[in-house]
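Please look at the sequence and the model shown here.

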Amino acid sequence: MITSKQRSYLRSLAHSLDPLVYIGKAGVTENVIKEMDSCLENRELVKVKLQEGCELEPKQTANDMAAELNAEFVQAIGRKFTLYRQASDPEKRQIVLPKK
C-alpha cells in the first residue's frame, strides 16, 4: 500500500505520460491485461485511456485492474487512469518512491 505522499509523487510523474494502453469497445480483453502487465513490469507506471466506444467506468475499471495485476491505483481523471507496480527485477526499477 502506498501513502498519500507517494501517490502524489506518482501523480506528478504520470502527468507528462501519454497513455500506453487503450481500452476499446471490446472492454478488458486478455490482450489488454497482458499489455498492461508488460508495461507495468518494464515501466512501473502506466497510463490507460478508455476510448469513446468503451462502456466501462474509469475508476471501477482501474480498481479492478489494479487488483488483478497486483498494482496500485494512482489516479483517474476523465477517461484516463494510472496504475503503479514496482518492477520485480531490482535492475529494472526506475522509480524511487519517497520514504513512508
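Q: In this predicted model, with which residue does R85 form a salt bridge whose closest N and O atoms are 2.8 Å apart?
A: Side chains of opposite charge can pair when their charged atoms come close. A salt bridge here needs a nitrogen of Lys or Arg within 4 Å of a carboxyl oxygen of Asp or Glu. With its closest N and O atoms 2.8 Å apart, the partner of R85 is D37.

Q: How many residues apart in sequence are R85 and D37?
A: R85 is in the segment after strand 4, while D37 belongs to helix 2. The pair therefore ties together parts of the chain whose separation in sequence is 48 residues.

Q: Is R85 buried or exposed?
A: A residue counts as buried under 20% relative accessible area and as exposed over 50%. The relative accessible area of R85 is 13%, so R85 is buried.

Q: How does D37 count at 33% relative accessibility?
A: Buried means under 20% and exposed means over 50%, with a class in between. At 33% relative accessibility, D37 therefore counts as partly exposed.

Q: Which residues are linked with R85 in a network of salt bridges?
A: R85 forms a salt bridge with D37. E41 also forms a salt bridge with R85, with the closest N and O atoms 3.7 Å apart. E41 is in helix 2 and R85 in the segment after strand 4, 44 residues apart. The residues linked with R85 in this network are D37 and E41.

Q: Which residue forms a salt bridge with E30?
A: The structure holds three salt bridges. The closest N and O atoms of the pair are 3.4 Å apart, and the partner is K34.

Q: Is E30 buried or exposed?
A: The cut-off for exposed is over 50% relative accessible area. E30 has a relative accessible area of 56%, so E30 is exposed.

Q: How are helix 2 and helix 3 oriented to each other?
A: Two packed helices are described by the angle between their axes and the distance between the axes. For helix 2 and helix 3 the angle is about 70°, and the axes are 11 Å apart. Angles of 65 to 115 degrees count as roughly perpendicular. Helix 2 and helix 3 are therefore roughly perpendicular.

Q: Which residues in helix 3 meet helix 2?
A: The crossing of the two helices is right-handed. Helix 2 takes part through I33, M36, D37 and L40, and these meet M65, E68 and L69 in helix 3.

Q: Which residues does T61 contact, leaving aside its neighbours within four places in sequence?
A: T61 is part of helix 3, which covers residues 58–69. At 5% relative accessibility, T61 counts as buried. The contacts of T61 beyond those neighbours are I23, V28, L56 and F81.

Q: Which residues touch the most other members of the largest nonpolar core?
A: This core has 18 residues. The residues that touch the most other members are V21, I23, M36, V46, V48, F81 and L83.

Q: What is the relative accessible area of E44?
A: E44 sits in the loop between helix 2 and strand 2. Leaving aside neighbours within four places in sequence, its contacts include C39, Y84, R85 and I95. E44 is buried, and its relative accessible area is 0%.

Q: What is the phi of E44 near?
A: E44 is a residue other than glycine, yet its phi is positive. The value of phi for E44 is near 75°.

Q: Is N70 buried or exposed?
A: N70 is found in the loop between helix 3 and strand 3. N70 is not a glycine, although its phi is positive, about 55°. With a relative accessible area of 65%, N70 is exposed.

Terms used:
Residues are numbered from 1 along each chain as its sequence is written. This is a predicted model: local features need pLDDT of at least 70, side-chain atom pairs count only at pLDDT 80 or more; totals for chains, interfaces and linings use all residues. Side-chain values use heavy atoms; hydrogens and water are left out. Helices (H or I, at least four residues) and strands (E, at least two) are DSSP runs, numbered from the N terminus. Buried means under 20% relative accessible area, exposed over 50%, partly exposed in between (1.4 Å probe, protein chains only). Contact means heavy atoms within 4.5 Å. A nonpolar core is a set of buried Ala, Val, Leu, Ile, Met, Phe, Trp, Tyr and Cys residues joined through side-chain atoms within 4.5 Å. A salt bridge is a side-chain nitrogen of Lys or Arg within 4 Å of a carboxyl oxygen of Asp or Glu. Axes are lines fitted to C-alpha atoms, for helices over the stretch in contact, and angles run from 0 to 180 degrees between N-to-C directions. Angles under 35 degrees count as roughly parallel, over 145 as roughly antiparallel, 65 to 115 as roughly perpendicular and the rest as oblique. A crossing is left-handed if the near helix is turned anticlockwise from the far one by less than a right angle, and right-handed if clockwise.
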